[in-house]
Amino acid sequence: AVNAANAYKALPLCRTGTVPGAANICAKRSVIERLQTAMRKARLAVNNLVALQKAYPFVDITNALAAAQSALIGVQQVLASGAQ
């Protein structure tokens, strides 16, 4: 998800009134903004998961893992919306 997000953000910004497509490869500013928000949430969820596992190695982290996966799915959904 991180590599795909970075690749999308590296694209040139779309000009006002244009849409991305095969003839116009660009990134929408609104998608980049949503992507940054989703990436912050995903990074926080993954960091919290790692910290929880390190602090309590014998505790079941299933719920925390599900939260981290959900946050990463959010990033993928934002990326998918930018491809449309």
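Is alanine 5 buried or exposed? Alanine 5 is buried, with a relative accessible area of 0%; here buried denotes under 20% relative accessible area, exposed over 50%, and partly exposed the range in between, with a 1.4 Å probe and protein chains only. The structure is a predicted model, in which local features need pLDDT of at least 70 and side-chain atom pairs count only at pLDDT 80 or more, while totals for chains, interfaces and linings use all residues. Residues are numbered from 1 along each chain as its sequence is written, and side-chain values use heavy atoms, with hydrogens and water left out.

The protein chain contains 3 helices and 0 strands, in the order α-α-α from the N terminus. Helices (H or I, at least four residues) and strands (E, at least two) are DSSP runs, numbered from the N terminus. The C-alpha trace spans about 55 × 15 × 15 Å along its principal axes. The radius of gyration of the protein chain is 16 Å, whereas a compact globule of 84 residues would have a value near 12 Å; the radius is taken over C-alpha atoms, and the globule rule is 2.2 Å times the number of residues to the power 0.38.

Of the 84 residues, 26% count as buried. The protein chain exposes about 5900 Å², of which carbon and sulfur atoms supply 59%; accessible areas come from the Shrake-Rupley method with a 1.4 Å probe, and for residues only the protein chains shown count as cover. Among contacts (heavy atoms within 4.5 Å) between residues at least 6 apart in sequence, 51% join residues at least 24 apart.

Helix H1 comprises residues 2-10 and includes alanine 5. H1 packs against helix H2 (residues 29-55) at an angle of about 155°, with the axes 11 Å apart. H1 is therefore roughly antiparallel to H2. Axes are lines fitted to C-alpha atoms, for helices over the stretch in contact, and angles run from 0 to 180 degrees between N-to-C directions. Angles under 35 degrees count as roughly parallel, over 145 as roughly antiparallel, 65 to 115 as roughly perpendicular and the rest as oblique. The crossing of H1 and H2 is left-handed; a crossing is so described if the near helix is turned anticlockwise from the far one by less than a right angle, and right-handed if clockwise.

On the H1 side, Val2, Ala5, Tyr8 and Lys9 meet Val31, Ile32, Leu35, Gln36 and Met39 of H2. Beyond residues up to four places away in sequence, alanine 5 touches Leu35, Met39 and Leu79.

The axes of H2 and helix H3 (residues 62-82) come within 8 Å and cross at roughly 165°. These two helices are therefore roughly antiparallel to each other. The residues of H2 in this contact include Val31, Leu35, Ala38, Ala42, Ala45 and Leu49, and those of H3 include Ala64, Ala68, Ala71, Leu72, Val75 and Leu79. The crossing of H2 and H3 is likewise left-handed.

Alanine 38, in helix H2, is buried at a relative accessible area of 12%. Apart from residues up to four places away in sequence, alanine 38 touches Gly74, Val75 and Val78. Its C-alpha atom is separated by 7.9 Å from that of leucine 72, a residue 34 places away along the chain. Alanine 45, also found in helix H2, counts as buried at 17% relative accessibility. With the same exclusion of residues up to four places away, alanine 45 touches Ala67, Ala68 and Ala71. Alanine 45 and glycine 82 are 37 residues apart in sequence, and their C-alpha atoms are 23 Å apart in space.

The loop between H1 and H2 contains threonine 16. At 85% relative accessibility, threonine 16 counts as exposed. Threonine 16 and lysine 28 are 12 residues apart in sequence and 9.3 Å apart in space, C-alpha to C-alpha.
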